[in-house]
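The following report describes a protein model for a reader who has the sequence and coordinates at hand. It begins with a contact between strands and then widens to the chains as a whole.

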Amino acid sequence: MIKLDDIRRHAANRPEQIAVVDGASRLTWGQFADHVDRMAAGLSAQLPPTRPARAVHLADNRWELAVAMAACATLGVSCTGLDVEAGAEELTGLLARIQPTVVFVSTEHRQVLDGCVWPTGPEALHVLLDGAEAGATARPAGVGSRSVSFGALLATEPLPNLPIPLPYESLTVVPGEGGSPRVAVRRSAVEGRHLVDLVDEFGFDGSDVHLTAAPLAQPTARGLARTFLSLGGTLVLGPHRDPAALAALIVEERVTTAVIDPVALVRLLSHPGSEALAGSAQLRCVIALGRHLNRWVVNTAWEQLGPVLHLAYATPETGLNAIMGPDELHVAPIRSGRMMLGSSLAILDQDGAPLPAGATGRVAISGYQVMDGYLEGEAEFTTLDLGQGPQRFFVTGERGQLDEQGRLVVTSRGTEVPTVSRNGAVDTEIFRLEADLLNLPCLRDTAVMRVDVPGLGDSLVVPFIAVAVGRELTGYKTLTAACNRRIPSLPAHVIAVDHIPYSPTGTINTDELLDSVLPIIKLNLQLEHTMQQEMSA
Amino acid sequence: MIEYSPVQFAEFGDLDVPDVAFDEGFFALELELLELPCIREVALVHTELPDLGETLLVAFVPLSPEREASGRRAANAACARRLPGVFAHAVATGDIPRSADGSVRASVLVDRLLPQIARDLTSPVEMSD
């Protein structure tokens, strides 16, 4: 993230211009400089003596996070983003590996963090980004004994001279299949070179209004946010799970460039609010990770956003290496891109020798963005001379080729096809349960759905239509008994409904059905809980 | 466009045995599904299901409820072309659970789809397929 010296430079030139937008909160460059100055001073005073000092964040995008990241960059403390949707087990593994000295967390994700216990956890400083900190006494035993609110740190008086920044270190989480992520380490700064290359490649400048509709934990989103702030542009933090609000924000804030995560992009393009964006918005460049996006996204983005979509090939180990612009997207294969400035490509055979264009092999990437290694475990590197002297290449886990047009085309993974392992016993019982329910004479119709949502956890939701008015209780009892008999390990929430929505081919519209029944189920559970409390009292 | 060499199929019964032909076919199928313009979103998962054994599960989000049948036909045709030796089942869904980088949360997806798969296998549509 941007450092305080750069923020002060922009603040001196344009103190009243907006630097960061987060909903109704708007930070001018002057306010941003003041907040980062105070935050850096507060953090500096609270930092435990452990070195290297490392920070992690577990929070959705918010202006407080931007301030915290800038303060960390100023102090030379790496600030690693954790996936807010990861489970406690995965987070615990990562925290044990990274051993953070500071954890920035929002109220929404605090519960899952409190469920993580790692060896150095008790010494870590927890910073609550939103709301007031209740104090150390409210913390579970052994979990982050030192905690402070963002507001308290922001009240710190700025230091006349900030401490000398710690030696550079940057950590990036590499998502792993099967829930075992790794951590990529870089020990030399690449931000300056990356900024120059992005400006050369895309012509970004300080007049741009940049929307980040992807978690700042994601390296590409974080890198682009830093780039635009460094240029003196405006950073808009977008609601990446609300397509209507996102479409409105693009127009209202006059967004010119954006990085949008693949899920948010599909939702935005599916929403009627995006249909007029090509005509009404100022968008000129939208960057999205392209590995999992399909042809419909490419076609629809062209129609609804205009010629702006750039699909990126990026990995946590090698950075943002290739991109496919809108002009070529329609004729290029999915999962292809042109190498960007500062990145070199080699396609290797099984012996590690470079292959000619057109041949398929392992994809290897070289360049200043490539990591130094993993925090734990070996990484596969090779040294090749492709005519520009020996270069160090990171051998990725993917296979691909350089096609006749000079594009990198990723064709497959270098590993075997991953097989999703299942709990066969539960799956079998779900199959049997469906067969059981089809034969129940007391129901007109029913639908079994397995959900894992806050408030219910992993459970079955079973709406049904009773065979006649007044027979709901019979249906309820029968279904509850059937579910408990078949799958006692999963709680079943049985509920009578008037209608079960189907598609024309007979697929249950689960989204519509869940939208109608989940609020009632949650309300019933709350009532039940209240009654139990009253009875026990 | 990339051309893939014809795949020679071996035994697919044992999931523990690495099978290069299967791997190539799977990834080629994944790319082919991503190229289909008639579906909004798609995910391909290799798993083992009760009664069915080794299964290729294609979860797709149709363009509209009326386009669900055509999306299913296109997905099934791609599976039959690329990996005819493995049972494949295409299921329409409203949403595919993904991580921030777009990768599919495969276990969550299968959990969600399993009741519908069980239902599909006893429905007249599946029988006609």
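A:Thr419 has B:His46 as its bridge partner in strand β1(B). The model in which this pair occurs is a predicted one. The strands concerned, β23(A) and β1(B), pair in the parallel sense over two bridges. Strands of a sheet pair through backbone hydrogen bonds, in either a parallel or an antiparallel arrangement.

The pairing belongs to an open sheet of four strands, ordered β23(A)-β1(B)-β2(B)-β3(B), in which the pairing is mixed. Strand β23 (419-420) of chain A and strand β3 (87-92) of chain B stand at the edges with a single partner strand each, so one side of each has no neighbour in the sheet.

Within chain B, strand β2 (residues 53-62) is joined to β3(B) by six bridges, and these two strands run parallel. Across this pairing, B:Leu56 stands opposite B:Ala88 in β3(B).

B:Phe87 is located in strand β3 of chain B. Is this residue buried, exposed or partly exposed? B:Phe87 has 14 C-beta neighbours inside 10 Å and therefore counts as partly exposed. When residues up to four places away in sequence are left aside, B:Phe87 touches B:Leu52, B:Glu54 and B:Thr55. The C-alpha atom of B:Phe87 is separated by 6.2 Å from that of B:Leu56, although the two residues are 31 residues apart along the chain.

## The interface between the chains

How many residues of each chain take part in the contact between chains A and B? The contact involves 53 residues of chain A and 52 residues of chain B. On the side of chain A that touches chain B, at least two residues each come from α10 (262-270), α12 (295-305), β22 (408-413), β23, α14 (424-438), β25 (449-453) and α16 (510-536) of chain A. Helix α14(A) gives the most to this side, with eight residues. Sorted by class, the side of chain A that touches chain B consists of 23 nonpolar, 16 polar and 14 charged residues.

## The two chains as a whole

| Property | Chain A | Chain B |
|---|---|---|
| Helices and strands | 16 helices, 27 strands | four helices, three strands |
| Buried residues | 45% of 537 residues | 46% of 129 residues |

From the N terminus on, the elements of chain B follow the order α-β-β-α-β-α-α.

The C-alpha atoms of chain A fill a box of roughly 75 × 60 × 50 Å along the principal axes. The radius of gyration of chain A is 26 Å, which agrees with the value near 24 Å that a compact globule of 537 residues would have.

## A parallel sheet in chain A

Chain A also contains an open sheet of five strands in the order β4-β3-β5-β6-β7, with parallel pairing. Its edge strands are β4 (78-81) and β7 (146-149) of chain A, each of which pairs on one side only. From one strand to the next, the twist averages 20°.

Inside this sheet, strand β3 (residues 54-58) of chain A pairs in the parallel sense with strand β5 (residues 102-105) of chain A over four bridges. In this pairing, A:Val103 of β5(A) is the bridge partner of A:Val56. Helix α5 (residues 107-114) of chain A packs on the sheet, where it touches β3, β5 and β6 (125-128) of chain A, and its direction makes about 135° with that of β5(A).

## The annotated domain

In an unreviewed entry, UniProt places the feature "domain: AMP-dependent synthetase/ligase" at residues 8-109 and 200-375 of chain A. Residues 8-109 of chain A are 50% helix and 22% strand, and the end C-alpha atoms of this span lie 32 Å apart. Over residues 200-375 of chain A, the chain is 31% helix and 28% strand, with the end C-alpha atoms 32 Å apart.

How values were computed. Residues are numbered from 1 along each chain as its sequence is written. Chains are lettered from A and ligands numbered from 1 in the order in which they are written. This is a predicted model: local features need pLDDT of at least 70, side-chain atom pairs count only at pLDDT 80 or more; totals for chains, interfaces and linings use all residues. Two strands pair if DSSP finds at least two bridges between them. Two residues are in contact if their C-beta atoms, placed from the backbone, lie within 7 Å. Ala, Val, Leu, Ile, Met, Phe, Trp, Tyr, Cys and Pro count as nonpolar, Asp, Glu, Lys and Arg as charged, and the others, Gly among them, as polar. The radius of gyration is taken over C-alpha atoms; the globule rule is 2.2 Å times the number of residues to the power 0.38. A residue is buried if 20 or more other C-beta atoms lie within 10 Å of its own, exposed if 12 or fewer, and partly exposed in between; C-beta atoms are placed from the backbone. Axes are lines fitted to C-alpha atoms, for helices over the stretch in contact, and angles run from 0 to 180 degrees between N-to-C directions. UniProt positions are given in the numbering used here, feature names are shortened, and annotations may be inferred rather than shown by experiment.
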